[in-house]
Amino acid sequence: MDVRFINPFLNGTVTVLKTMAFVEPKAGKPFLKKDTIARGDISGIIGLTGSARGSLALSFSESSILKIVSNMLGEEIKTLNGDIKDAVGEITNMVSGAARKELETLGFNITAAIPTVVAGKDHSISHVLGGPSIIIPFETANGPFVVDICIGAVGGQ
Amino acid sequence: MSVNKNLKILIVDDFATMRKVIRNLLKQGGFENVVEAEDGVAALKVLKSQPVDFIISDWNMPNMSGLELLKAVRSDDELKALPFLMVTAEALKDNVVAAVKAGVSNYIVKPFTAEVLNEKIEKIVKSLAA
């Protein structure tokens, strides 16, 4: 996968979580993932099309997302309920929006589909391009989450 | 001039969680008189059934989008003067131009802080009062 795609998604994730949830995630070293198993308990997945094509997934550990959404809503949430699922979809949408805005400055015009949310231990993530994907691991004070992206330029850009 | 914090604000978003998030951000700015609708169609019903002072609407919604709602509001004699703040996940030029043409008061790109949201509201309200 083209490394130009990594930073916009990394930056978008940090910006969204800092702004909306007052959480400062620390990024680890990206690595290649060859299987389809999610690295979190709940994932938001969104398809991307345009001058680059692929998909983005954010997979959160239960402890990290409970804190993130509790901060967003200003009320404590203790279980992976409907509010959490809605919020994971919205966070995925916002990260995709922030990353696409940065990619626009690199000459990529990308549109996003509607995010879907999947939960459960060892659920799978099916990327549009089939994989492998790049994982950007993040740590928060309340647990880990990952950004899982599989995207490629269209037409030799 | 300070803005009346008792403004009745209509939040329109198909995600219940995002409505809660915006409600929470508004509360931090002192705005607690809030009603909600899950899309443009529901928003028009609210607007026809009770007085509302300010609309905050998401762009992407099923049934009736934020842009369609904006056009409906601007073409209604009773509602056309209402301040309308559009919320978008991206500031694509074409979208901004379409919203400005349709008469949007201002727009805000997600993610945003309580400070930015409340500044936008105050700026719109003050510009209308000037």
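A residue is classed as buried if 20 or more other C-beta atoms lie within 10 Å of its own, as exposed if 12 or fewer do, and as partly exposed in between, with C-beta atoms placed from the backbone. By this criterion, buried residues account for 48% of the 157 residues in chain A and for 37% of the 130 residues of chain B.

The structure is a predicted model, in which local features need pLDDT of at least 70, side-chain atom pairs count only at pLDDT 80 or more, and totals for chains, interfaces and linings use all residues. Residues are numbered from 1 along each chain as its sequence is written, while chains are lettered from A and ligands numbered from 1 in the order in which they are written. The model scores ipTM 0.77 and pTM 0.87. The average pLDDT (the predictor's confidence in each residue, from 0 to 100) of chain B is 92, and 98% of its residues score at least 70. Within chain B, confidence is lowest in helix 4 (residues 93-101), with a mean of 86, and highest in strand 1 (residues 9-12), at 98. Where pLDDT is low, predicted coordinates should not be read in detail.

Secondary-structure elements were taken as DSSP runs numbered from the N terminus, with helices (H or I) of at least four residues and strands (E) of at least two. Chain A contains 3 helices and 8 strands, which follow one another from the N terminus as α-β-β-β-β-α-α-β-β-β-β. A compact globule of 157 residues would have a radius of gyration near 15 Å, and the 14 Å of chain A agrees with this; the radius is taken over C-alpha atoms, and the globule rule is 2.2 Å times the number of residues to the power 0.38. Along the principal axes, the C-alpha atoms of chain A fill a box of roughly 45 × 30 × 30 Å. Two residues were considered in contact if their C-beta atoms, placed from the backbone, lie within 7 Å. Among contacts in chain A between residues at least 6 apart in sequence, 73% join residues at least 24 apart; the corresponding share in chain B is 60%.

Chain B has 5 helices and 5 strands, arranged from the N terminus as β-α-β-α-β-α-β-α-β-α. The C-alpha atoms of chain B fill a box of roughly 35 × 30 × 30 Å, taken along the principal axes.

The 5 strands of chain B form an open sheet in the order 2-1-3-4-5, with parallel pairing; two strands pair if DSSP finds at least two bridges between them. Strand 2 (34-37) and strand 5 (106-109) of chain B stand at the edges with a single partner strand each, so one side of each lacks a neighbour in the sheet. From one strand to the next, the twist averages 20°. Helix 1 (residues 16-28) of chain B packs on this sheet, where it touches strand 1, strand 2 and strand 3, and its direction makes about 150° with that of strand 1. Helix 5 (residues 114-129) of chain B lies across strand 3, strand 4 (84-88) and strand 5, running at about 175° to strand 5. Axes are lines fitted to C-alpha atoms, for helices over the stretch in contact, and angles run from 0 to 180 degrees between N-to-C directions.

Strand 3 (residues 54-58) of chain B pairs with strand 1 in the parallel sense over 4 bridges. In this pairing, B:Ile11 stands opposite B:Ile56, and B:Val12 has B:Ser57 as its bridge partner. Strand 3 also pairs with strand 4 of chain B in the parallel sense over 4 bridges, with B:Ile55 opposite B:Phe84. Because 5 of the 5 residues of strand 3 are buried, this strand is largely enclosed by the rest of the structure. Both of its faces are covered, with B:Phe54, B:Ile56 and B:Asp58 buried on one side and B:Ile55 and B:Ser57 on the other.

In helix 5 of chain B, B:Lys126 counts as exposed because it has 12 C-beta neighbours inside 10 Å. B:Lys126 and B:Glu78 are 48 residues apart in sequence, and their C-alpha atoms are 21 Å apart in space.

Between the chains, 14 residues of chain B are in contact with 17 residues of chain A. The side of chain B that touches chain A comprises 8 nonpolar, 3 polar and 3 charged residues; Ala, Val, Leu, Ile, Met, Phe, Trp, Tyr, Cys and Pro count as nonpolar, Asp, Glu, Lys and Arg as charged, and the others, Gly among them, as polar.
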